[in-house]
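Here are a few friendly notes to read beside the model. Take them one at a time, and keep the 3D view open as you go.

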Amino acid sequence: MYRSHSCGELRASHINTEVTLAGWVQKSRDKGFMIWVDLRDRYGITQLIFDEERTPAEMMEKAKSLGREFVIQVKGTVIERESKNDKMPTGAIEVLVSELEILNAAKLPPFTIEDKTDGGEDIRMKYRYLDIRRNPVKDSLIFRHKVTMEVRKYLSDQAFIEVETPYLIKSTPEGARDFVVPSRMNEGQFYALPQSPQTFKQLLMVGGMDKYFQIVKCFRDEDLRADRQPEFTQIDCEMAFVEQEDILNIFEGLTRHLLKEINGVEVDKFPRMQYDDAMRLYGNDKPDIRFGMQFGELNEVTQHKDFGVFNNSELVVGIAVPGGNSYTRKQIDNLIKWVKRPQVGALGMVYCRVNEDGTFKSSVDKFYDQEDLAKWAELTDAKAGDLICILSGETNKVRAQLSALRMHLAEELGLRKPNEFAPLWVVDFPLLELDEETGHYHAMHHPFTSPKPGQIALLDTKPGEVKANAYDLVLNGNEIGGGSIRIHDKATQATMLKHLGFSEEEAKAQFGFLMDAFEYGAPPHGGLAFGLDRLVAILGGQETIRDFIAFPKNNSGRDVMIDAPAFIDDEQLKELNLRVEIQE
């Protein structure tokens with residue numbers, strides 16, 4: 001037995017107990033006649049003491065040789081600590097060591113294994129197995145485990161069945177590039193790794209499974225950022241004989257359960273917002289509603305004077321920044337520089353101060369009088385002491401720009417509080433999106449999403465106006481889940497694929513298995529998938545997901561620890577019937 005207790009459980013009640021501990025050396029302090037060693041494992045830290053009056057000389061020399069991250073086992077007696085540390089759970093005791101065994105010596109780590117480390121992100125990702133020893137990463141992984149256990153508990157209690165689906169599948173269009181895997185046994189043919197288990201969960205509904213879930217890896221070859229990885233985890237769910245409201249109620253329940261059990265927070269309201277309203281009021285389809293600053297559209301009160309910038313714009317829109325009248329001119333100039341960055345792309349910003357005495361001072365006073373500016377304040381709901389920030393341009397672009405500014409200001413003002421939670425359903429998305437470069441429509445979600453009832457006929461006449469029977473669950477400005485009612489009959493699915501540009505032959509080749517299944521009594525069905533990595537990060541009060549993934553990739557999709565992806569040797573290429581040509 002390597003240990004009788006963990007390094008986090010010994011208390012004053014254990015004094016005079018003989019114990020065996022094992023773990024890593026956090027640090028040691030050598031006073032010559034006395035050596036203290038902090039021994040660490042996943043559960044905590046216990047202080048060991050070696051005393052030349054009570055410790056044999058040979059063991060004292062052995063203790064002096066201990067370096068950081070040595071793996072050791074000790075036996076000894078729990079004694080009362082003279083200088084107690086009330087900041088440590090084990091701070092009332094220490095272990096007087098009677099036996100010491102070095103299980104494994106360790107090189108000096110490239111960074112300190114402490115909460116506040118001196119290691120940068122790159123070096124910590126290269127030595128991720130060391131980084132996991134640090135409390136922030138360790139605790140994040142434990143937190144993820146707790147969330148997934150609560151998910152399984154809730155869904156199992158709701159009669160969902162967990163079913164595994166394959167990883168080696170056929171390529172299906174779901175909005176991103178596939179990762180592909182060559183087949184040695186089928187020359188020239190490839191599997192694709194699933195972007196989601198979409199078609200399989202629909203087939204499970206045809207198979208009568210009724211309520212399915214799976215916590216599953218998904219793979220998408222797309223550009224990366226802080227909250228996106230090439231392989232990620234979904235809580236994937238599907239239900240048969242349901243309408244949209246049934247699904248929303250079930251997963252409101254799951255979200256409430258997680259917030260209560262994990263964060264101790266009770267949430268009553270899950271507001272519903274139309275996609276069109278989300279874009280009009282917040283400029284994006286995942287608004288953070290923990291704070292205000294709703295958009296006010298100002299075309300009618302700005303495009304009647306000689307200010308060409310506004311007159312020539314498709315949309316003039318503003319937000320009221322609470323307390324923003326206190327901003328200095330330099331602070332406002334910095335905001336203007338911020339929106340003009342390439343990442344945002346605005347050409348400039350007009351502003352208007354709302355003074356405490358009810359007067360206004362704008363950067364375009366030459367063109368607008370006090371009566372005009374009062375209308376700006378009314379439409380943006382600006383109060384005395386606020387600052388109105390206004391952008392203009394092409395509708396979709398300017399909404400995205402003002403949305404970015406709104407979130408930036410909220411961060412500066414401390415309005416995005418991680419311990420506050422504001423869920424929101426966004427519903428009635430467009431079924432199709434127009435690709436401006438090609439002029440063709442593609443599915444906003446995926447080709448299996450059902451149109452809203454009664455709108456199928458519009459596909460032939462006004463495809464851009466068709467609404468999807470789809471919904472996203474938003475939490476604190478992040479989409480944490482999304483889904484839809486699916487198409488469940490062959491004729492409607494064929495019509496949908498035709499409008500997405502598939503010929504009958506292409507549709508049969510790619511989706512014949514699913515359309516054939518629909519001819520054998522497919523029930524009405526729908527579902528939702530949560531992004532587990534993002535959900536866990538938000539519940540944990542973080543914006544980025546990397547620390548909640550044991551072995552994440554970097555922004556180039558590389559695992560710098562194992563140096564993947566990597567070239568394979570010529571013999572493997574030959575066996576797979578592949579040839580690699582790298583274009584300079």
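1. Strand S14 (residues 350-354) and strand S16 (residues 387-393) run antiparallel and pair over 4 bridges. Two strands pair if DSSP finds at least two bridges between them; helices (H or I, at least four residues) and strands (E, at least two) are DSSP runs, numbered from the N terminus. Within this pairing, Cys352 has Ile388 of S16 as its bridge partner. In general, strands of a sheet pair through backbone hydrogen bonds, either parallel or antiparallel.

2. A word on the source: this is a predicted model, in which local features need pLDDT of at least 70 and side-chain atom pairs count only at pLDDT 80 or more, while totals for chains, interfaces and linings use all residues. Residues are numbered from 1 along each chain as its sequence is written, and side-chain values use heavy atoms, with hydrogens and water left out.

3. Now the whole sheet. The open sheet has 5 strands in the order S12-S13-S16-S14-S15, with antiparallel pairing. Its edge strands, strand S12 (296-297) and strand S15 (360-362), each pair on one side only. Helix H10 (residues 329-339) packs on the sheet and touches S14 and S16 (contact means heavy atoms within 4.5 Å). The direction of H10 makes about 150° with that of S14; axes are lines fitted to C-alpha atoms, for helices over the stretch in contact, and angles run from 0 to 180 degrees between N-to-C directions.

4. How many disulfides does the structure hold? It holds 0 disulfides, a disulfide being a pair of cysteine sulfur atoms within 2.5 Å. Take Cys218: its closest cysteine sulfur, in Cys237, is 12 Å away, so a bond is out of reach. Cys218 is buried at 0% relative accessibility, and Cys237 is buried at 0% as well (buried means under 20% relative accessible area, exposed over 50%, partly exposed in between, with a 1.4 Å probe and protein chains only).

5. Finally, the aromatic rings. The whole structure has 15 aromatic pairs; rings of Phe, Tyr and Trp (its six-membered ring) pair if their centres lie within 6.5 Å, and planes under 30 degrees apart count as stacked, over 60 as edge-to-face and the rest as tilted. Phe307 and Phe310 are edge-to-face because their planes meet at 85°, with centres 4.8 Å apart. Both Phe307 and Phe310 are buried.

6. Phe307 and Tyr368 also pair edge-to-face, with centres 6.3 Å apart and planes at 80°. This pair links distant parts of the chain, 61 residues apart. Tyr368 is buried at 3% relative accessibility. Phe307, Phe310, Phe367, Tyr368 and Trp376 form one aromatic cluster.
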